[in-house]
Structures are given as C-alpha cells and as structure tokens.
Amino acid sequence: MTENTDSYEQNRTKFIQNALIDGKKQNIYIDESGIIRSVGTDIGKEFRSEAECIIDASGMVAIPGLVNTHTHAAMSLLRGYADDMHLQEWLSEKIWPLEAHLTGEDVYWGTKLASLEMIRSGTTSFNDMYFFMKDAARAVDESGIRATFCHGFIDFDSPEKRENEIAATKDLVSHIKSLQNPRLKAAVGPHAPYTVSREGLEWCAEFSETEDIMLHIHLSETEGEVEGCIEKHGMRPAAFLDSCGCLSEHTLAAHCCWLDDDECRLLGSRNVSVSHNPSSNMKLAVKRALPYQALKDAGVNITLGTDGCSSNNNLDMFEEMKFAALLQKFFWNSDTLLPADEAFSMATSNGAKALGVSTGTIQEGLPADIVLIDTATPSMVPMHNCVSNIVYSCSGGAVDTVICDGRILMSDKTIPGEAEILGKAQEIASQLVERANNPQ
Ligand SMILES: O=c1[nH]cnc2c1ncn2[C@@H]1O[C@H](CO)[C@@H](O)[C@H]1O
Ligand SMILES: [Zn+2]
C-alpha cells in the first residue's frame, strides 16, 4: 500500500517500511536520485519523516529486481505463433520468415509488451538480442526498466551481409551510448557460431573490446551445432569462438547445453558468463541440460534467462528459477543439484554481475531495484523458508510492487498505461502475421 497521490512520480524520496528481508522486518530509504541510502531493522524516524512517499510493505518480502540475461523481447508478438516444433525447422520455416516482415514499430510495441510482462513478474533488467533495437530501446526507456541491447548479427558467410551487420551494430552502439541513459546499455550480438562467419566473429570480438561492451551470443544449444562446427572448422564451438577472440569477461553465452568438460573449463578460464534457459531448452527438446556442475566447478558465472516468448512462452523469471532447479535435478539425476538459493542468485546477483549493472542486491549505496512480493497468497504460506517459496512455489503473479532506479513502476499490482499496450500489441501482432501470410 502506497501513501500519497502520485506514487509513480520520479525523483521523490521513498521510505519502504516493514519489508521482510532475510527473515527480518526492515526499512529501506531511497533518496531522490534513486539510490538506497539506508537499509536495516533500526533505520527509522528521521528517514520516515523526511520521505516524500511512504510504502507500507507489511506482509511483503523485498527482493532485488530479477535479471533476465537472455531474451528477444519483441518476440512477445510471436507468443503462441509456432509451438511444438523441431528447433531448426521452427527457426527456418516459421520464425525467420515471419521476422522478415518485422518493422521498427512492431519491435517497439513487442518490447513494450515484454517490458510490461517483465515488470509484472518482478524483472527490472534484461539482456536483449533482436532487430530494430533503437525502437526497442525507446520502449524500454519509457517502461522504466533496464536493458542491454544488441543487434542480432547474422552474416552467413556473406561479405556483403557482414558489412551491413557491422554498420547496423556500430549505428546501434553509438546511438545507445549517445543517449547517456544509465538504464540503457549497448552490446555486440553475433547470433551464434553457426550463423556468423569467422571474419564476422573476429570483428565482433574486437569491437566489444574497443568499445568495452558485452558480447552476447548463442552457444551450443543443440548437438547438431556442435557437429556442424567440428565439420566446418575442425573444432568444437567454444574452441572455435576462442580462436576468434570471442571468449572474454565481456562474453555472455546463452544456452551452453552441449559444452563438454574442456569447454566448461575454457569458459571458466576466460571469465565468460553463461545464461541458462531451461524452459526454452525443454520446449525445443535440445536433449541435454546445461552442465551446471562442471561450469560451477570451473568458476563460471551462471545466470538465468527466459529466451524469447516463442520458445518459452512467457518472461516469468520465477518460473525460470524453478525450472532451472528442477531440470538439473531431473537430467543429471541428482536431487541436491542446483538448490533454491543458487537458483535465486542466478536470477539476481549473478545476472547483475554478467550485465555489469550494480543492482542484484538490496544494499546501501546501490540503485534501488526492489521488488515486493505479497505473502498473503496461498503459495507463500507457510513461510518455513522464504527463498524456497520464491523459487519453488510462488510465481510472478505474487509480485505487488516494482521499483527500478528508485522509481515505482508498479504499485498494488497496477501499472499505468497497461491496457493501451495490451490492445496495441494484439493489433500489431495480428497485422504482422497478416502481412507475412499475404506478401505484397
Ligand atoms: O533458441 C534460439 N536459438 C537460436 N536463435 C534464436 C532462438 N530464439 C530466438 N532466436 C533468433 O535469434 C535472432 C535474434 O536476433 C532472431 O532471429 C530470433 O528469432
Ligand atoms: Zn535466444
């Protein structure tokens, strides 16, 4: 419950009272620049009287905003468009032909829809790879959350295409940098070792280094990719990427299901971060789960992502935490593998580290990305173990309030402007399918 009339207004100091953090009732004071100034059991009167907005979090758990490290946000428009298919056919027969008809306006509304869904389910940062990314950035800026954007770089060994992709990447990166918005970051996004040439990958590696930006790539999602890479380059995909300079502390590799032990160690030695996408992997039946233990042993930073809405089909990181914990146990036949607290870290602090954002924990001096979960809901009762409830029991629907960068984006489960976005996204998605079915 939020006191004061316009709680969505920016630049107001906020006092969150009685939120459960680590099992204790705590208060949080957020200053006018959106930074957590104080958090603890004993902070009180002076901050409370100073605050322009009081948020009563009695009966709520406060957690850091969740971090989704791999998605294609605007694919929200393709939710339910092509399900229950084999991955390569799904991409080449359904997804890519439809994407050929995408416009900037589609991506704008698709990203608005995705941002809305992420706010509703407690995500405040995400890592996005798609097309028309200037439009995506505009949508995210308006939504109030954080994101890192890359143009999905695909050249298929064509020098001509490569030049186009290089130009598109440079253009996006300079655009995002010019906005100087701390919530929006740029990255370079070679799609995968099977869609980008050696020359393209080498260019991406160098560009990420000189621009000091993240390199976001799909890696070893299927066994076929590994076989294809060995056939074409005489190396497994991780070794091939390394030979192109693509493995570094800038790198975020999504999927990584088919890495062998040597590749896990290679990723560890290069300080690569990995994004695990369990829902997508199960839906597209990639036939192997992330080698979680081997990656952990190699010291790899393991994070969590939903992948796009065409292979998930939602952006709920609560579901993703649960699926991550369950899939590891099931696939590797180990009931102790990936316990709840590790799933929670993957979705918070590990993700923040991978994206280079200073959120992911509720801590003095850090930007206030805070999510309040309502405990007055059956899936949160009883509270023997809060993290267990968060990972295994509740879902994004239990999120009541979302604060990003100190701004309230959702309060009492209400997001201003939601109805318009839902209506417009439905209309835009129908028109897109219509255009693809009846090309001019
Ligand atoms: O699971 C996946 N594997 C490979 N490619 C994917 C997956 N999901 C989405 N895309 C594709 O990646 C490109 C991003 O720029 C898009 O073409 C998107 O459809
Ligand atoms: Zn993906």
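How many residues does helix α5 have, and how far does α5 reach from its first C-alpha to its last? Helix α5 (residues 159-179) has 21 residues and reaches 31 Å, close to the 30 Å expected at 1.5 Å a residue. The expected span is 1.5 Å times one less than the number of residues of the helix. Helices (H or I, at least four residues) and strands (E, at least two) are DSSP runs, numbered from the N terminus.

This is a predicted model, in which local features need pLDDT of at least 70 and side-chain atom pairs count only at pLDDT 80 or more, while totals for chains, interfaces and linings use all residues. Residues are numbered from 1 along each chain as its sequence is written, and chains are lettered from A and ligands numbered from 1 in the order in which they are written.

In α5, the residues E165, T169, L172, V173 and I176 are buried. A residue is buried if 20 or more other C-beta atoms lie within 10 Å of its own, exposed if 12 or fewer, and partly exposed in between, with C-beta atoms placed from the backbone. Seen down the axis, the buried residues of α5 fall within an arc of 95 degrees, so they line one face of the helix; the arc is that of the directions from the helix axis to the C-beta atoms. The other side of α5 holds the exposed residues P159, E160, E163, A167, S174 and S178. The cover over the buried residues of α5 includes α4 (133-143), β8 (146-153), β9 (184-190) and α6 (198-211). Just after α5, Q180 takes a positive phi of about 50 degrees.

Helix α15 has A425, I428, A429 and L432 as its buried residues. They cover an arc of only 105 degrees around the axis, which puts them on the same side of α15. The face turned away from that buried side carries the exposed residues A419, E420, G423, E427, S430, E434 and N437. Elements covering the buried residues of α15 include α2 and α3 (104-120).

| Helix | Residues | Number of residues | Reach | Expected |
|---|---|---|---|---|
| α5 | 159-179 | 21 residues | 31 Å | 30 Å |
| α15 | 418-437 | 20 residues | 29 Å | 28 Å |

**Domains**

The chain is divided into domain 1 (14-64 + 362-412) and domain 2 (66-355), with bounds that come from an automatic or database domain assignment. Their C-alpha centres lie 29 Å apart. In domain 1, 18 residues are in contact with 21 residues of domain 2, where contact requires C-beta atoms, placed from the backbone, within 7 Å. On the side of domain 1 that touches domain 2, α14 (386-393), β15 (399-404) and β16 (407-410) each supply at least two residues. The largest share of that side, 5 residues, comes from α14. By class, the side has 12 nonpolar, 3 polar and 3 charged residues. Ala, Val, Leu, Ile, Met, Phe, Trp, Tyr, Cys and Pro count as nonpolar, Asp, Glu, Lys and Arg as charged, and the others, Gly among them, as polar.

Of the 14 residues around ligand 1, I95, M129, Y130, G152 and G308 come nearest; a residue is near if its C-beta atom, placed from the backbone, lies within 6 Å of the molecule. Two or more residues of this shell come from each of α2 (87-99) and β7 (123-130), and α2 gives the most, with 3 residues. The shell has 4 nonpolar, 7 polar and 3 charged residues.

A354 lies in helix α13 (residues 340-355). With 30 C-beta neighbours inside 10 Å, A354 counts as buried. Not counting residues up to four places away in sequence, A354 touches T69, L252, S273, N301 and T303.

Notes
Two residues are in contact if their C-beta atoms, placed from the backbone, lie within 7 Å.
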